[in-house]
Amino acid sequence: MKTDIERAMQILEDADAVLIGAGAGMSVPAGIDLMDTKSFAKAYPAMLQYGFTFGYQLMGYPYHDDRLRWGYLSASLKNMFSLGIDPSYQKLLNLVKDKEYFVMTTNVDRLFHKNNFDLNKIYTPQGDSSKFQCKLPCTNEVWDALPLVDKMVENIDPETQFLTDESLIPKCPNCGGEIYMNVRSGAFYIDDPYEQEKERLNKWLQVNASKKFVFLEIGVGYNTPGVIRYPFEQMYKQLPHSNFIRINSEHPQVPEGGIGLKTGIVEFLNEPLN
Ligand SMILES: [Zn+2]
């Protein structure tokens, strides 16, 4: 009698086309865990004095001082940019690299890009934190965040997490106003850079939907279920021949016929392939 994980692995092995939908749970083992108090205390000890104990508390936080906003944001961006090759991403790539695959992810950490997934087969509807944009926005242009972040992190007071030099607070080069990461976090979000990716995904679906098709959803919770979770369930219902695998340590419930695995991605991928 096969376990559910073994059944899921077999389905993936037999598949011709795999649509991967990845949420926050995919990047937790790689080092991005916004709920983790230990890594937060280690990386941003100065933030503890203000009452913060994990990263998620600072999502959309209305800072009273831009020097603290950018002192923290630049440090956390720098930590994200420093992540690269990760065993879970690599094993996932090995599973699908000889098939037709496409990735859709709510993560803005570029870890699929960095782990050598085909750049033409990644769709990031929630944006990319390595880009900055105007917060109005006055222009639809986006800018490379890395050089600005590098400069900021060299000028953070370790006692307070404040930028020591106010002139380093990044400004829109066009209007001089506030800037922010090019990630979906308000009406100002510019999604133009990702429209092409979406078109590529739609074309890929047209070509591959009739094949031996698998929806493989990983670590997608209920923060933004309308982006991956619900659309995947709807598409699955429209493709009666397809398979549906959900890897989720908290919410593994699946539509009829699907396989819901109450597990993390590391445990799933540790299952040896036949
Ligand atoms: Zn502007």
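The model is a predicted one, in which local features need a pLDDT of at least 70 and side-chain atom pairs count only at pLDDT 80 or more, while totals for chains, interfaces and linings use all residues. Residues are numbered from 1 along each chain as its sequence is written.

Helices (DSSP runs of H or I, at least four residues) and strands (runs of E, at least two) are numbered from the N terminus. Helix α4, formed by residues 66-81, has 16 residues and reaches 21 Å from its first C-alpha to its last, close to the 22 Å expected at 1.5 Å a residue, where the expected span is 1.5 Å times one less than the number of residues. A residue is termed buried if 20 or more other C-beta atoms, placed from the backbone, lie within 10 Å of its own, exposed if 12 or fewer do, and partly exposed in between. By this criterion α4 is mostly covered, with twelve of its 16 residues buried, among them Trp70, Tyr72 and Met80. The buried residues of α4 pack against β4 and α7, contact being taken as C-beta atoms, placed from the backbone, within 7 Å.

Most residues other than glycine have a negative phi, and most peptide bonds are trans. Arg110, in the loop between β2 (100-105) and α6 (111-114), has a positive phi of about 65° although it is not a glycine; Arg110 counts as partly exposed because it has 19 C-beta neighbours inside 10 Å. Gln161, which lies in the loop between α7 (146-153) and β6 (179-183), likewise has a positive phi, of about 70°, but counts as buried because 23 C-beta neighbours lie inside 10 Å. A cis peptide bond, with omega about -10°, joins Leu136 and Pro137, and Pro137 is located in the loop between β4 (127-134) and β5 (142-144).

How values were computed. Contact = placed C-beta atoms within 7 Å.
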